[in-house]
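Have a look at the sequence and the 3D structure here. Take a moment to turn the model around before you read on.

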Amino acid sequence: MKPILEVTNLTKDFGGLRALDDISLTVGQGEIVALIGPNGAGKTTFFNCITGIYPPTKGDVAIIPPGGKKIFIKGLKPNHVTQQGMARTFQNIRLFQNMTVLENVMIGRHCRMSAGIPGAIFRNPATVREEKKVVEDSYGVLEKIGLEQFVNEYAKNLPYGAQRRLEIARAMATEPSILLLDEPAAGMNARETKELDDLIVRIRNQEKISILLIEHDMKLVMSLSDRIYVVDYGKKIAEGPPMEIKANPAVIKAYLGEELDA
Amino acid sequence: MDYFIELFLGGLTRGSIYALIALGYTMVYGIIQLINFAHGEIYMLGAFTALIVAGILTMLGWNQVAILVIASIVAVVYSAAYGFTIEKIAYKPLRQAPRLSALISAIGMSMFLQYYVLLAQTSNFLPFPNLIPDFKFLEPIEHIVRSSEIVIYATTAIVMVLLTGLIKFTKIGKAMRATAQDRDMAMLVGVDVNKVISMTFIVGSATAALGGVLIASHTGQINYYIGFIAGIKAFVAAVLGGIGSMPGAVLGSLVLGMSESFFTGYISSDYEDVFAFLFLVFTLIFRPSGILGRTDTDKV
Amino acid sequence: MFRFSEIKKSFLVALWLMFLTFPIMVIRVNTIYKTIEWRWERMFMVGIGAFFLSFLWRYLHKKKEAGEKKAEEAGTLPLAQRLIKNRQFSIPAAIGLGIFIIAFPFIFSMYQTNIMTTALIYVVVGLGLNIVVGLAGLLDLGYVAFYAVGAYSYALLNHHFGLGFWAALPIGATFAFLFGVILGFPVLRLRGDYLAIVTLGFGEIIRLILENWNAFSFGPSGIANIPRPGFFGMDLSLSQSITYVYFLMIGMAIFTIFVVKRLQDSRLGRAWIALREDEVACQAMGIDKTRTKLSAFALGATWAGIGGVVFAAKTTFINPASFTIWESIIILCIVVLGGMGSVLGVIFGALVLILLPEYLRAFSEYRMLIFGATLVTMMVFRPGGIITDVRKTYKFKGLKDKQPTV
């Protein structure tokens, strides 16, 4: 399988503290890969490092878009990373609260649009066309995620589960080839989690978007993922398909006291 | 050489006064991450209160030292009360609000207090009596350093030591440090956060009031506007030293005071405030974490 | 409502404030003539005022808490927006307003027209600042510096090269824009509250330079005899000229409203608001933070520059005293009172804050005091302003629209 994301020997120090230690990870085209580990293992830091929010201390990050050339994205700003086709969601929901649901998704389209100040003021035909298309495209994304009934609602007024899904919709609007989901099921009930499971599979199968996710819900992780990486104290301690991971003694030790059965 | 020493000591005086204001700034910022714009006004209110008390007592014919002590005490009490009240009115309701809301509220408060004093008292400069007695032993070097300056240095040093002690060794100091680190967590472990924040405002305001009394007595005049520029400069000093850090506030104040003094002495006195503001701009752009501060990354 | 405990609370608040304001309000000492003035009546005024205000304060608090819950349940539009949406009301109202605006200088005196022109200048610069503070969420306390750049551009270009108003207008706007870019570039990386202080610093630096650099700016004495705007080379009498400037400002205000409205619902406008809401998420969604901020900052500056040129032309005299930090804060106050991000709100805010003190003379002495109090109370009770911004909604096929659409 061709890789789409290649992270090699990623290391991140905060002052004297090594938060990530020499982590390598690949996501193949069309794969769903999970990154798991106990609280504070460095999973979100890993996301922040590869998406450009924190600069990594050492190591390399590269995206290979389908049918394209390898692009090294280490040290790029977050917006450039997104432009190169890697989008993300946040663990603690970070929607634009005082904008409507549709506008949240339209923000995701921003980097695929081109209108500038003159376009905004004069509304030339090209800008009008672009705006119209953006509205339609964004609505399309909402339909795919199943949020169209909230289209003109303010993001802050959405129920919790819908807010999580809106984060995914917003990220999808940037036309990523790989999507990073940071605990998408956090705080969801069993039914919502099941729906999320279906949604993620659908994104992969229909939209051909590869997925890397951080998740604590082991049932979801085991049923969704093709492969799993386990980190603890900033180090990678295991990788492999779900069945292998479940039987791995190092993983069990790291999770001692936490349930790991599906 | 005499000129150099004069500028040096002048810088030390400025720096000490900035320090007395900057300490309050840095304490408040450390605890609620708010630039308390009205802090300079507290300093001004301290000076005005002292002027009123001193004015009355002088007319009653009291002696200089007694006037100094009583005027200082009243000024400290009143400024502390103002600090306490301002927090309750303008900042407490905004604790959960975005930081900019609280900042705008602080700007409004600053403006309100300035015009409150302007309307209730006067917009003119008022002469301020010299409350600090001339020390006999200073006579030979009087042209270089005045006794009021010696008092200013000493007060700043004592206040700094006392505040450091308060933060390091007392129970309320411990609670302040806990609240500064993580307000929610402090609340969970039983720290009365409201009380801690009130205490911070009271202590910070009291310190600023001392600065107000001393500088007014040193320069001999005050008006409603003295707090604004002094407040902004003290803020620069606090940032320069590393906001949230008390030794940093004092260090930053001394550095700023000295640089200003040498700049006006050797280069240009017309552009004194331009220099201070440039200092501010460059500090914030190139070293926002200050000399003694640490860089903190936003948690994502 | 007026239970005993409430009365007791208000009574204690009143006592506390009487104590607090006692030295400043009651006593006035004159150390030269050795006199003391005791103004006891003020103490009672404070007490009575505080007693009643504390009821109002608590009432507003309760209302705000209840309001927050209510707003979450029903997504109703505020009154102002509903009125605009209602065609039966809005069309006659617009016609009436149009007639009033055109007739204004012919009905009212020159003095009144002049005041209205001033208010309109504030509408224009307020809308400019609204881009920076209201939409992009960048607290700019040095906004008046760009106003000064515009005003001095016209004054100096006219003094040295005899340039007229119409030639100076685009030049002043361009200068302000460039200043916005040059100043904005280094400072926009800073966090919100530091940004506020640095812009304040820049604003003061520019004013102090204007005050001290006599050879360049003629120092504190300022520049006089700046010509009023010309009208196709005709000589206008004073009253004609004032009417002309009034209509000029009306045109400019309409132009500004048009531009800001369009920007607000554009790709760029959305990016500004997203930036205000959450910087990290905004960047992660592919938006270039620096460029977006810079565009807001520089566009805001441009409008201040335009306002500055008109200000210089209107008053025919400028000096650095017109461009103090308080001027920035008054404009901020307009935006905050009206409603950050809301065009209608800013217009309302400018008219109220500029016209009210002019017409209520007794009031004007307390102008700045009231501005300060306004900032605090608005932030505490209604941070969205009087006319809160409402986002545009869209209509889609197959969707039962529950809300009015555009």
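What follows is a short tour, chain by chain, with a stop at one contact between chains.

## Before you start

This is a predicted model, so keep the ground rules in mind: local features need pLDDT of at least 70, side-chain atom pairs count only at pLDDT 80 or more, and totals for chains, interfaces and linings use all residues. Residues are numbered from 1 along each chain as its sequence is written, while chains are lettered from A and ligands numbered from 1 in the order in which they are written.

## Chain C as a whole

Let's begin with chain C, which has 17 helices and two strands (both are DSSP runs numbered from the N terminus: helices are H or I with at least four residues, strands are E with at least two). Its C-alpha trace spans about 80 × 70 × 50 Å along the principal axes.

Of the 406 residues in chain C, 45% are buried. Here, buried means that 20 or more other C-beta atoms lie within 10 Å of a residue's own; exposed means 12 or fewer, partly exposed is in between, and the C-beta atoms are placed from the backbone. Now take the contacts in chain C with a separation of 6 or more: 76% of them link residues 24 or more positions apart. (A contact is two residues whose C-beta atoms, placed from the backbone, lie within 7 Å.)

Chain C is split into domain 1 (4-73) and domain 2 (108-381), with bounds that come from an automatic or database domain assignment. Taken over C-alpha atoms, the centres of these two domains of chain C are 35 Å apart.

The strands β1(C) and β2(C) make a hairpin with four residues between them, and Lys34(C) in the turn has a positive phi of about 55°. They run antiparallel and are joined by four bridges (strands pair if DSSP finds at least two bridges between them). Val29(C) has Ile36(C) as its bridge partner in β2(C). Which face of β1(C) is covered? Ile27(C) and Val29(C) are on the covered face, with Arg28(C) and Asn30(C) on the uncovered one.

Further along chain C, Thr316(C) lies in the loop between α13 (289-315) and α14. Thr316(C) is not a glycine, yet it has a positive phi of about 60°. It is partly exposed, with 14 other C-beta atoms within 10 Å.

## Where chain C touches chain B

How many residues does each chain bring to this contact? Chain C gives 44 residues and chain B gives 49 residues. On the chain C side, α1 (4-26), β1 (27-30), α7 (165-187), α8 (192-212), α14 (325-338) and α17 (367-381) each supply at least two residues. The largest share, 13 residues, comes from α8(C).

Sorted by class, that side of chain C has 33 nonpolar, seven polar and four charged residues. (Nonpolar covers Ala, Val, Leu, Ile, Met, Phe, Trp, Tyr, Cys and Pro; charged covers Asp, Glu, Lys and Arg; the others, Gly among them, are polar.)

## A quick stop at chain B

Chain B averages a pLDDT of 86, and 95% of the residues score at least 70. (pLDDT is the predictor's confidence in each residue, from 0 to 100.) In chain B, confidence is highest in helix α3 (residues 64-91), at a mean of 93, and lowest in helix α11 (residues 272-286), at 83.

Gln33(B) sits in the loop between α1 (2-32) and α2 (39-59) of chain B, with a positive phi near 50°.

## Chain A

Chain A has ten helices and ten strands, and 47% of its 262 residues are buried. Strand β9(A) pairs with β3(A) in the parallel sense over four bridges, and Ile36(A) stands opposite Val230(A) in β9(A). Five bridges also join β9(A) to β10(A), and these two run antiparallel.
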